[in-house]
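Hello,

Here is the structure I promised to pass on to you.

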Amino acid sequence: MFLPSISRLFADTKPVNKAIFSLKLVHLFSTSSSSAGEFLSHLLKNKNGSGMERTLSAVRAKLDARCVDEVLEKCAVDDPQMGLRFFIWAGLQSSYRHSSYMYSRAYKLLGVDHKPQIIRDVIEAYRLQKYVTSAKMFKVVLNLCREGKDAILGLWVLRKMKESNCSPDTTMYNVVIRLLCEKGDMDEAMGLMREMDLIDLYPDMITYVVMIKGLSDVGRLEEACGLIKAMKGHGCIPNTVTYSTLLDGICRFGNLERALELLREMEKDGGQCKPNVVTYTTVAQNFVEKCQSIEALSILDQMRDYGCKPNRVLICTLIQGLCKEGHMEEAHKVINRVADSVIPYDSCYSFLVLSLFRIGKVKEAEMFFRRMLTGGLKPDGMTSSTIIRWLCQQNRILDGYQLIDVIEQSARVSSIDSDIYSILMAGLCKANHLAEAAKLASVMVGKGIQLKGPCVKNVIECLRLCGKEDLASSIGNIKS
């Protein structure tokens, strides 16, 4: 053990053997930077611990993230409490500021995740040594609690601040309130909000948003709605984020009609509260998840009246939900309503085909895919690749080739996955469809698509057998 334990720092009064002490320092600093070595030297010399922070302040070495990390690594095994005190002290220096990464490193290196008692022990050591603590010191400790998502420890630290005559500010209360909300302990979190009011601290936007989310997450929607009114009364104007947080909770636990009412309320308030396309999409997605896709169509009317255009995500969500529930006619109506004015017609029908495929209606998906091609529409690359790959998996190689041939003959650029061509080539050669294989090979050479997989030798041999020596040589020489 190269570092004394914290108890020995407080209690050991025996003289130190200078030779042994020097050997320890040599071993300790052998792999440390010069800055870390200086700080470690002062930590070791302060064997009684009572003047540790004052001793550190006398060091003129550069304090940076690398230095802090090295000191923590050295202290982690034998004296994590000393390492924690150093970390807290470093977080108070004007020339240096802990990053979120360093909080994460300290939390793990010092073993706070396994032994949170270390924080209690250090704060108790401050009290025993009558060390004057500050709110900034406690803020560093609270940030460590936040890193570990430890609500119980965070609440304990907040209480210790008061015992130490350190007044927590709104930011510190927010840290603990967030931890409690994430844990689902809303009664304790509500108690802290009331406590803030007693000491003339006012909840800010962060406080309200965190509390509204926490209440919404556990289904206490009436209280969450009440906080919206309360924050208005305190001059804290709700914004889109606030309303969207409440909307999410209402959609999951409440009446979807109430969600539409809240949307209308947001539209009426305007300003920072006005809903955007993401807000509407969130509500629509929740309708669809509850198998209420028909009801979700009213959102399109509400968006139109408000002057907000739907995006691809919203349209895709509605189409997929309607297809899943068997409302094909309504899905077509949605497409006819938004096609070209909002989203290209080709994209809308590509959504439809993919939606049918994803819910297991593959025959219907293939049928609409073929209708798109015969109607002059161009499916997107993902849709084309999905359908043709499925045909190959069903050993319908010739059907897959015929579809890709139609797509390639169209005047538009194709974006089909390159591996589809290799799958088709292998299948065509195996089924002895040599004429089709030669045509597809010509397409691949023209596009510079590399032949991949274990089929390469077999494909090249087939092309040579049907007299396409040049084509066989060309396709074999394409490199990625």
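**Pocket and cavity**

The largest pocket has a volume of about 450 Å³. A pocket here is an open set of points on a 1 Å grid over the protein atoms alone, with protein on both sides within 12 Å along at least five of seven lines; a cavity is a set of points where a 1.4 Å probe fits but cannot get out, and lining residues have an atom within 4 Å of a point. Grid points are joined across faces, edges and corners, and a volume is the space filled by probe spheres set on the points.

Before going further: this is a predicted model, in which local features need pLDDT of at least 70 and side-chain atom pairs count only at pLDDT 80 or more, while totals for chains, interfaces and linings use all residues. Residues are numbered from 1 along each chain as its sequence is written, and side-chain values use heavy atoms, with hydrogens and water left out.

Back to the pocket: 17 residues line it, and Arg97, Tyr103, Lys139, Asn143 and Arg146 lie nearest its centre. Two or more lining residues come from each of helix 9 (135–148) and helix 11 (170–183). Helix 9 gives the most, with five residues. (Helices are DSSP runs of H or I with at least four residues, numbered from the N terminus.) By class, the lining of the largest pocket has six nonpolar, six polar and five charged residues. In this scheme Ala, Val, Leu, Ile, Met, Phe, Trp, Tyr, Cys and Pro count as nonpolar, Asp, Glu, Lys and Arg as charged, and the others, Gly among them, as polar.

The largest cavity has a volume of about 40 Å³, and its lining consists of Ile88, Ile123, Tyr126, Thr133, Met137, Phe138 and Val141. Helix 8 (117–128) and helix 9 each give two or more residues to that lining. Helix 9 gives the most here too, with three residues. The cavity lining has six nonpolar, one polar and no charged residues.

**Cysteines**

How many disulfides does a search of the whole structure find? The search finds zero, with a disulfide taken as a pair of cysteine sulfur atoms within 2.5 Å. For Cys236, the nearest cysteine sulfur is that of Cys273, 11 Å away. Cys462 has its closest cysteine sulfur in Cys429, at 4.0 Å, which is too far for a bond. Both Cys236, at 13% relative accessibility, and Cys462, at 10%, count as buried (under 20% relative accessible area with a 1.4 Å probe, protein chains only; exposed is over 50%, partly exposed in between).

**Aromatic rings**

There are six aromatic pairs. Rings of Phe, Tyr and Trp (its six-membered ring) pair if their centres lie within 6.5 Å; planes under 30 degrees apart count as stacked, over 60 as edge-to-face and the rest as tilted. Tyr345 and Tyr349 have ring centres 5.4 Å apart and planes at 45°, so this pair is tilted. The two tyrosines are four residues apart in helix 22 (residues 345–358), which separates them by about one helical turn. Tyr345 is partly exposed at 27%, whereas Tyr349 is buried at 13%. Elsewhere, Phe39, Phe86 and Trp89 form one aromatic cluster.

Finally, charges over rings: the charged end of Arg120 sits over the ring of Trp156, 4.8 Å from its centre, and Arg371 lies over the face of Phe368, at 5.1 Å from the ring centre. The rule asks for NZ of Lys or CZ of Arg within 6 Å of the ring centre and within 35 degrees of the ring normal.

Best wishes
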